[in-house]
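Okay, thanks for coming, everyone. Have a look at the model on the screen while I get set up.

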Amino acid sequence: MKNIKIKSSLFLLVFVTLFSCADDFIDVKSQDENSEDFFNTEADYQSALVAAYDMLQATAEQFQTAEIASDNTLCGGQDANDTPGKQEIDDMIHTPINAQLRNIWTWMYTGVNRANYIMEFQDKIDFPNKTSVIAQARFLRAFYYAELVKWFGDVPLAIDKRIQFGDQFSIDRTPKEDVYALIEQDLIFAAANLPYVQNETGRITKGAAQALLGKAYLYQGKFPEAATVLEDLIANGPYDLLSSAEAKNMFENDYENNIESVFEIQYSDNKGGSYDCFYCLDGNYAVGFNGIRSYDGPLYDFGYSFNVPVQDAVDAFEPGDIRLEYSILDIAKWAEETGATYTEGYEHTGYYNLKYIARKGDLNLPDAALTNPNNFRVIRFADVLLMAAEALNRGSISDDRARIYLNRVRKRAFNDELHNVTTSGANLTNDIYKERRVEFVGEGLRFFDLVRTGKAVGTIPDFQSNKHELFPIPIQEIELSGNRWSQNPGYTN
């Protein structure tokens with residue numbers, strides 16, 4: 001992370017080795033610190049916390065994959081065999097043997113384990129900033145579990161202890177309701193014990209905890225609870241929408257961590273990496289993969305033409321909506337205006353995801369596609385407003401207040417009040433859904449919005465009811481459990 005940017009060398013499983021020599025057994029002290037003896041200073045806890053933060057950067061791929069799974073974009077790439085796992089998800093033919101799904105499972109559980117490492121030893125010593133460390137760790141655990149539940153449904157649950165080798169034979173998949181219960185507890189604690197503004201950019205705040213809690217409630221249909229926490233955040237938090245003029249630069253590097261950013265994952269270009277270890281990278285490699293294939297021209301950098309928007313996503317914008325110009329790039333029009341050149345990739349639509357696209361100006365060490373410094377805005381204030389509007393409307397709490405929050409977003413989008421929504425009831429619900437699509441196109445929210453609202457069937461091509469609401473548990477994980485875990489409905493191992 002840009003300001004929390006320390007790659008940790010913590011090993012979660014460290015063993016003291018016993019060597020034998022003839023008839024004698026000599027206890028040799030390991031050169032690695034035993035995990036049981038690690039937490040002796042505040043610095044140890046802070047190092048472990050950085051390790052837990054570090055897995056946030058691995059989410060770059062899954063936000064891109066989620067967008068590809070929706071009706072907003074096609075997978076793209078070089079050809080039909082370029083990154084088969086994403087191609088399969090795009091076509092809704094994914095199976096339990098899928099590299100991208102295995103990455104999500106593995107990387108999010110690595111994050112859970114690193115957060116639980118801190119929780120396992122939370123009572124070992126005391127120090128002045130301990131409550132803050134625990135609150136941040138609990139937020140991170142909640143975030144990683146929320147991602148797992150969103151993708152896979154019921155998942156193995158470990159509380160305040162690491163999942164270590166061998167545990168897979170005794171730990172079962174936990175009903176998602178119970179996982180959400182822990183997520184709620186963690187986020188309530190984090191919100192109560194963290195400030196709205198941290199001294200170090202990138203650290204979790206009270207606002208991030210409240211926003212993620214509101215989202216967790218919304219995903220469960222707990223509309224009164226969601227409305228309460230989100231309206232409290234709107235009223236008391238330090239956030240606001242950028243102006244119409246500023247919004248055009250919202251996804252540029254120099255507009256990161258702005259007043260609209262509630263939860264933002266930090267990336268940087270000051271350290272290289274390789275294609276052999278995507279989760280090791282400091283850069284946002286999804287941005288490079290979204291880039292224009294064989295591009296030569298101003299402003300943008302080359303990329304691999306993944307995650308290309310479709311015409312239907314472009315047509316979802318109303319006339320006069322300024323969001324279209326900073327959300328989707330019409331590459332043919334741009335080339336005509338600037339003289340830029342490019343080649344067409346697989347499933348070329350003529351459009352690129354302008355929010356997260358490779359831009360010139362970073363260090364390109366050692367590979368421009370891997371080291372993009374663009375942060376990822378996981379939750380923006382616009383999301384808070386639209387989540388609050390949805391909770392108020394769908395919970396039959398107040399359509400008046402729901403319209404106020406919805407129209408704040410629309411006023412920024414059109415730079416006037418002539419496009420304000422005046423509907424109520426089910427019509428207002430649909431207006432909120434439409435607004436979410438155009439506001440967050442390219443940001444990885446659309447697929448799960450359609451699933452949680454029951455709109456995926458008939459909207460996402462080839463989406464099958466009672467199957468594609470969840471993704472399959474990776475076959476390797478089921479096999480490691482001794483085949484004890486059941487597969488998600490509709491999938492065969």
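I'll go through the helix packing, then the cores, then a strand pair and a few loop residues.

Quick housekeeping: this is a predicted model, so local features need pLDDT of at least 70, side-chain atom pairs count only at pLDDT 80 or more, and totals for chains, interfaces and linings use all residues. Residues are numbered from 1 along each chain as its sequence is written, and side-chain values use heavy atoms, with hydrogens and water left out.

Helices first. When I say helix or strand, I mean a DSSP run, H or I of at least four residues for helices and E of at least two for strands, numbered from the N terminus. Helix H1, residues 42-54, packs against H5 at an angle of about 20 degrees, and their axes are 10 Å apart. Axes here are lines fitted to C-alpha atoms, for helices over the stretch in contact, with angles from 0 to 180 degrees between N-to-C directions. That angle makes H1 roughly parallel to H5; the cut-offs are under 35 degrees for roughly parallel, over 145 for roughly antiparallel, 65 to 115 for roughly perpendicular, and oblique for the rest. In this pair, Tyr45, Gln46, Leu49, Ala52 and Tyr53 of H1 meet Val133, Gln136, Ala137, Leu140 and Tyr144 of H5.

And what about H1 and helix H4, residues 99-120: at roughly what angle do their axes cross? Roughly 160 degrees, coming within 8 Å, and H1 and H4 are therefore roughly antiparallel to each other. On the H1 side we have Tyr45, Ala48, Leu49, Ala51, Ala52 and Asp54, meeting Arg114, Ala115 and Ile118 in H4.

Now the cores. By nonpolar core I mean a set of buried Ala, Val, Leu, Ile, Met, Phe, Trp, Tyr and Cys residues joined through side-chain atoms within 4.5 Å. Buried is under 20% relative accessible area, exposed is over 50%, and partly exposed is in between, using a 1.4 Å probe and protein chains only. The largest core has 129 residues, and Phe139, Tyr145, Phe152 and Phe263 have the most contacts inside it. Its largest share, 15 residues, comes from helix H5, residues 130-152. There is also a second, separate core of 11 residues, with Tyr295, Trp334, Tyr352 and Leu354 among them.

Let's zoom in on Phe152. Contact means heavy atoms within 4.5 Å, and, leaving aside neighbours within four places in sequence, the partners of Phe152 include Leu101, Ile104, Trp105, Phe471 and Pro472.

On to the strands. S6, residues 261-265, is mostly covered, with 5 of its 5 residues buried. S6 pairs with strand S12, residues 376-380, in the antiparallel sense over 4 bridges; pairing takes at least two DSSP bridges. Ile265 stands opposite Phe376 in S12.

Last, the loops. Gly297 sits between strand S7 (292-293) and strand S8 (302-303), and at 18% relative accessibility Gly297 counts as buried.

Leu299 is not a glycine, yet has a positive phi of about 70 degrees, and its 43% relative accessibility counts as partly exposed. Asn483 is another non-glycine with a positive phi, about 60 degrees, in the segment after helix H18 (475-480). Buried or exposed, then, for Asn483? At 54% relative accessibility, Asn483 counts as exposed.

That's my tour, thanks.
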